[in-house]
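These are my notebook entries on one structure. I set down what I looked up, entry by entry.

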Amino acid sequence: MARSAAWLPWPLPALLAWGGAWLVFVALLRVAPLLLAVLLACSVGVVASLLARNWWRRSWVALGFPLSLALTGAAALPAWAWLAPLALLLLVYPLNAWRDAPVFPTPRQALDGLAGLAPLAPQVRVLDAGCGLGDGLLALRRAYPQAHIEGVEWSWPLRLLCALRCPWARVRRGDMWRTDWSRYQLVYLFQRPESMARAGAKARAELTPGAWLVSLEFPLPDTPAQARLRLPGGRVVWIYQTQTQVHTPQT
Ligand SMILES: C[S@@+](CC[C@H](N)C(=O)[O-])C[C@H]1O[C@@H](n2cnc3c(N)ncnc32)[C@H](O)[C@@H]1O
C-alpha cells in the first residue's frame with residue numbers, strides 16, 4: 001500500500017523519528033518530570049510509525065527511542081515506567097482495531113470519479129467507517145464536496161488527529177460495527193478482507209434502499225459490485241448499491 005513517507009529511503013524515516021524523539025526528550029528533561037519527558041518522546045516515535053509501510057518498520061520507528069533509552073541507561077526509570085511505550089502503542093493501535101485494519105491511508109485521488117458511478121443528492125450524510133487519520137475523509141470530500149462527511153474511529157489519538165486535520169467533518173470516537181449505518185447514504189470502508197463478510201451483512205441489515213457501500217481494495221464476498229473504479233497500480237474501489245445489488249447470496 002502506498003504510504004505517506006514512501007519517498008524517504010529506509011531506514012531514514014526510523015533515524016529521523018529516533019532523532020526527533022531524543023531531541024524532544026533532551027529538551028523536556030530541563031522543564032518537565034522525567035516520566036512525562038519519556039512519554040512525550042515516545043509519542044514522537046509512535047505517531048511517526050503511522051507513516052511506515054508495514055508492521056516491521058512501524059515497530060522499528062516506534063520502539064527505537066525506548067529501546068535506545070533502555071540500552072544507554074540515560075534515564076533511571078522505575079521498572080513499571082517501561083509499560084508507558086506499550087500503553088501508548090495500544091492507544092494508537094488498539095487491539096480492537098487490529099481485528100479489522102491498522103491505519104493505512106486512502107490515497108487522496110482514489111475516489112475521484114466515484115460521484116459519477118455512485119451519485120448522491122447534495123447534503124446527504126457520508127460515513128468513513130474507521131477513518132484513521134482522515135485520508136478517506138479528504139478523498140470523500142473531493143468526490144462529494146456538498147455532502148456532510150463523517151468519520152468514526154476506534155483509536156482516540158487517531159480520532160483527535162483526524163478531527164484536527166478535517167475540521168469540516170464530524171469525527172467521533174467509536175466502533176464502526178456499533179454505528180448505525182442507516183443514517184448514511186454512503187458508507188466508505190478501507191479495512192481488511194476478513195472484515196468484508198461482516199460489512200456486507202451490516203450493509204444489508206442497515207443501509208436504506210438506494211444507499212451505497214464503497215470499499216477500497218477489498219470486495220464483499222459473493223456479492224456482485226454495481227460498479228468499480230480502477231486505480232493506478234491495479235487497486236480497485238468496489239461499489240455496491242443496496243437492494244439493487246447488495247443481496248444475500250444463494251446457498
Ligand atoms: C486501513 S485504515 C483506513 C483509514 C481511513 N479510512 C483511510 O482510508 O484513510 C483502517 C482504520 O480503521 C480503524 N478501525 C479498525 N477497526 C475499527 C472499529 N471497529 N471501529 C472504528 N475504527 C476501526 C483503524 O484504527 C484504522 O484507523
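In which sense do S4 and strand S5 pair, and over how many bridges? I worked on a predicted model, and there I found S4 and S5 (residues 212–216) paired in the parallel sense over 4 bridges.

I next looked up strand S1 (residues 125–129), which pairs with S4 in the parallel sense over 4 bridges. Here Val126 is the residue opposite Leu186. Are the faces of S4 covered or open? I found both faces of S4 (residues 186–189) covered: Leu186 and Tyr188 are buried on one side, Val187 and Leu189 on the other. In general, side chains of a regular strand alternate between the two faces of the sheet.

**Entry: the whole sheet**

I then traced the strand order. The sheet is open, has 7 strands in the order S3-S2-S1-S4-S5-S7-S6, and its pairing is mixed. The edge strands are S3 (170–173) and S6 (227–230), each of which pairs on one side only. Direction ignored, neighbouring strands of this sheet are turned by 20° against each other on average.

**Entry: strand S7**

I looked up how S7 is joined to its neighbours. S5 and S7 pair in the antiparallel sense over 5 bridges, with Tyr240 in S7 as the bridge partner of Leu213. S6 and S7 also run antiparallel, joined by 4 bridges, and Ala227 has Ile239 in S7 as its partner. These two strands, S6 and S7, form a hairpin with 5 residues between them, and in the turn I noted Gly233 with a positive phi of about 95°.

Why do I describe S7 as largely enclosed? Of its 6 residues (236–241), 6 are buried, so S7 is largely enclosed by the rest of the structure. I recorded Val236, Trp238 and Tyr240 pointing one way, and Val237, Ile239 and Gln241 the other way.

**Entry: salt bridges**

I counted 8 salt bridges in the structure. One of them joins the side chains of Arg142 and Asp112, at 2.6 Å from N to O. The pair links distant parts of the chain, 30 residues apart: Arg142 is in helix H7 (residues 135–143), and Asp112 is in the loop between helix H5 (95–100) and helix H6 (114–117). Arg142 is partly exposed at 43% relative accessibility, and Asp112 is partly exposed at 32%.

Glu217 and Arg235 meet in a salt bridge of 2.8 Å, N to O. Glu217 lies in the loop between S5 and S6 and Arg235 in the loop between S6 and S7, so the pair ties together parts that are 18 residues apart in sequence. I noted Glu217 as partly exposed at 25% relative accessibility and Arg235 as buried at 15%.

The salt bridge of Arg192 and Glu194 has an N to O distance of 3.5 Å. I also noted a network of salt bridges that links Arg125, Glu150 and Arg170.

**Entry: a surface patch**

Which residues form the nonpolar patch on the surface? I found Trp80, Leu83, Leu86 and Leu90, with about 440 Å² of accessible area together. Trp80 is in the loop between helix H3 (55–72) and helix H4 (83–92), and I recorded Trp80 as exposed, with a relative accessible area of 55%.

Definitions and conventions: Residues are numbered from 1 along each chain as its sequence is written. This is a predicted model: local features need pLDDT of at least 70, side-chain atom pairs count only at pLDDT 80 or more; totals for chains, interfaces and linings use all residues. Side-chain values use heavy atoms; hydrogens and water are left out. Buried means under 20% relative accessible area, exposed over 50%, partly exposed in between (1.4 Å probe, protein chains only). Two strands pair if DSSP finds at least two bridges between them. Patches are made of residues with over 30% relative accessible area and no salt bridge: like charges are joined within 9 Å, nonpolar side chains (Val, Leu, Ile, Met, Phe, Trp, Tyr) within 5 Å. Accessible areas come from the Shrake-Rupley method with a 1.4 Å probe; for residues, only the protein chains shown count as cover. A salt bridge is a side-chain nitrogen of Lys or Arg within 4 Å of a carboxyl oxygen of Asp or Glu. Axes are lines fitted to C-alpha atoms, for helices over the stretch in contact, and angles run from 0 to 180 degrees between N-to-C directions.
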